[in-house]
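Please examine the sequence and the coordinates below.

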Amino acid sequence: MPKSAKRRASQPTGAETLVVVESPAKARSIQKMLGPGYEVRASLGHVVDLPERSLGVDVERDFAPTYEVKKDKKPVVEELKRAAKGKRLLIATDPDREGEAIGWHVARLLGRDPKEPLRVEFHEITPCKVARRWRPAAH
């Protein structure tokens, strides 16, 4: 993990809501627009996968998949877990099948019900006059 990410992870924020996106560039852009009530973090893509050294499904339990956190994503998952403590979670991964899978895994790893996370879709990320004045109410 880069030094700046480690420094950012250890600094407490006043944010009440954690927004998880896939890309660090998107996280920086969205963070600037949302402001201090939100903390935007990137999952850096897929955080889990099927196991490398075993079948990855439980034949006895209707082929239920077994997921493992990827070795290179363990620090990312730990950082997301720390950031999510006590905060409302918004899953804002890409609006495609891959993004849906990433969002489902992130919600599950953060101890949230993957069927009921607050899902946000960004189709265009550009600041406008309305976006600068409008701030969603904290819940």
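## Basis

The model is predicted: local features need pLDDT of at least 70, side-chain atom pairs count only at pLDDT 80 or more, and totals for chains, interfaces and linings use all residues. Residues are numbered from 1 along each chain as its sequence is written, and side-chain values use heavy atoms, with hydrogens and water left out.

## Fold

The chain contains five helices and eight strands (DSSP runs numbered from the N terminus: H or I of at least four residues, E of at least two). Along the sequence, their order is α-β-α-β-β-β-β-β-α-β-α-β-α. Of the 139 residues in the chain, 33% are buried (under 20% relative accessible area; exposed is over 50%, partly exposed in between, with a 1.4 Å probe and protein chains only).

## Cavity

One cavity of 30 Å³ or more is found in the whole structure (a set of points on a 1 Å grid over the protein atoms alone where a 1.4 Å probe fits but cannot get out; lining residues have an atom within 4 Å of a point). The largest cavity holds about 30 Å³ of space, the volume being that filled by probe spheres set on the points, which are joined across faces, edges and corners.

Its lining consists of Val47, Val77, Leu80, Val106, Leu109 and Leu110. Helix H3 (74-84) and helix H4 (97-109) are the elements that give two or more residues to this lining.

## Surface

Tryptophan 104 lies in helix H4. Tryptophan 104 counts as partly exposed because its relative accessibility is 37%.

Terms used:
On a 1 Å grid over the protein atoms alone, a cavity is a set of points where a 1.4 Å probe fits but cannot get out, and a pocket is an open set with protein on both sides within 12 Å along at least five of seven lines; lining residues have an atom within 4 Å of a point.
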